[in-house]
Amino acid sequence: MSNIDNLITRLAQDEIRVKTAPHPFILSLQWMGAAGIYLAVSLTLFGLRPDLLEKFHSVWFVAEIGVLLGILIVTSISAALLAFPDLYQKRNLALAPAWMLALFLLTLFLAWRADNPLIPLPVHSFECTLGITVMSLLPTVWIFSSMRRYASTHYRLAGSVALLSAFSVGALWLRLHEVNDSIVHVIKWHYLPMLAIGIIGLWLGQRVLKW
C-alpha cells in the first residue's frame, strides 16, 4: 500500500508540460502569412502579368482579386475554427465562407454581364486548372498538417474549407501572373473547378483529419 502511495505522490509531483493551442485567429494569421510569403515568392519566380498596373484600373478585375483575397481570409479563419471541436463558440464565423462564396459568384456574374462584347477565349484551356492545382499543393500540405495537430469534430467540412483556402492561393497566383482577360475562360477553367475541389475536400478531410 505504501508503494502505491509513494507512486501516486511521485506522479503528482512530476511536472507535466502541456503546450497550449494557439487561438484560432492566431492560427489563421500564421496560415495567411505563409500564404502571402508563398504568393510573393511564386510571383517573383514566375513573374507578374506585364499589364497588371493597367488591369488595376478595371473595376471588375479589382473586385475579383478583392473577393479572392476575401475567400482566402475567411476560409483560413473558418478552417482554424473548424480545427477545434467546439468551433471556439464561433459557429457563425466558421460558416462564413458560404457568404463569401455567394459574393464571389455575384461578382463573377456581374463581370460576365459587363464583358460586352465578349473577349475572345485564349488558345489554352485546362492548363489553367492544372496550374492552379499544382500551385495549391504546398498550401494544402501545410494547412492539413497543421490541422491534424488539433481535434476537429467537423472533419469533412474542415477538409473542404481548408482545400478551398489552398485553392484560392493558386487562383490568386494565376490571375496575377497570366495575361488573360476572358471572363468566360476564367469562370470555366479557374473557378468552376472549385466545386470539385470542395467535394474532394470533404473526402480528404475524412481521411486526413478524422481521429
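**Close-up views of a predicted model**

**View 1. Aspartate 181 and lysine 55 meet in a salt bridge through their side chains, at 3.0 Å from N to O.** A salt bridge here is a side-chain nitrogen of Lys or Arg within 4 Å of a carboxyl oxygen of Asp or Glu. You are looking at a predicted model, in which local features need pLDDT of at least 70 and side-chain atom pairs count only at pLDDT 80 or more, while totals for chains, interfaces and linings use all residues. Residues are numbered from 1 along each chain as its sequence is written, and side-chain values use heavy atoms, leaving out hydrogens and water. Aspartate 181 sits in the loop between H8 and H9 and lysine 55 in helix H3, so this pair ties together parts that are 126 residues apart in sequence. Helices are DSSP runs (H or I, at least four residues), numbered from the N terminus. Lysine 55 is buried, since its relative accessible area is 15%, whereas aspartate 181, at 33%, is partly exposed. Buried means under 20% relative accessible area, exposed over 50%, and partly exposed in between (1.4 Å probe, protein chains only).

**View 2. Aspartate 181 also has arginine 49 as a salt-bridge partner, with the closest N and O atoms 3.0 Å apart.** Arginine 49 belongs to the loop between helix H2 (24–46) and helix H3 (52–55), and aspartate 181 to the loop between H8 and helix H9 (183–191), so the pair connects parts 132 residues apart in sequence. With a relative accessible area of 2%, arginine 49 is buried.

**View 3. Another salt bridge pairs glutamate 64 with arginine 175, whose closest N and O atoms are 2.7 Å apart.** Are the two partners buried or exposed? Both glutamate 64 and arginine 175 are buried. The structure holds four salt bridges.

**View 4. Ring pairs link Phe84, Tyr88 and Tyr150 into a cluster.** The structure holds seven aromatic pairs. In one of them, phenylalanine 84 and tyrosine 88 have ring centres 5.3 Å apart and planes at 75°, so the pair is edge-to-face. Rings of Phe, Tyr and Trp (its six-membered ring) pair if their centres lie within 6.5 Å; planes under 30 degrees apart count as stacked, over 60 as edge-to-face and the rest as tilted. Phenylalanine 84 is buried at 8% relative accessibility, while tyrosine 88 is partly exposed at 27%. The rings of phenylalanine 84 and tyrosine 150 have centres 5.2 Å apart and planes at 35°, so that pair is tilted. Phenylalanine 84 lies in the loop between H4 and helix H5 (91–94) and tyrosine 150 in the loop between H7 and H8, so the pair ties together parts 66 residues apart in sequence. Tyrosine 150 counts as buried, at 18% relative accessibility.

**View 5. Serine 152 is found in the loop between H7 and helix H8 (155–177).** Its relative accessibility is 3%, so serine 152 counts as buried. The side chain of serine 152 comes to 3.1 Å from the backbone nitrogen of histidine 154, and one of its polar atoms lies 3.5 Å from the backbone nitrogen of tyrosine 155. Leaving aside residues up to four places away in sequence, serine 152 touches Leu82, Ala83, Ala158, Leu209 and Trp211 (contact means heavy atoms within 4.5 Å).

Notes:
Helix = DSSP H or I, 4+ residues; strand = E, 2+ residues; numbered from the N terminus. Polar contact = N/O pair within 3.5 Å; in protein donor to acceptor, adjacent residues only side chain to side chain.
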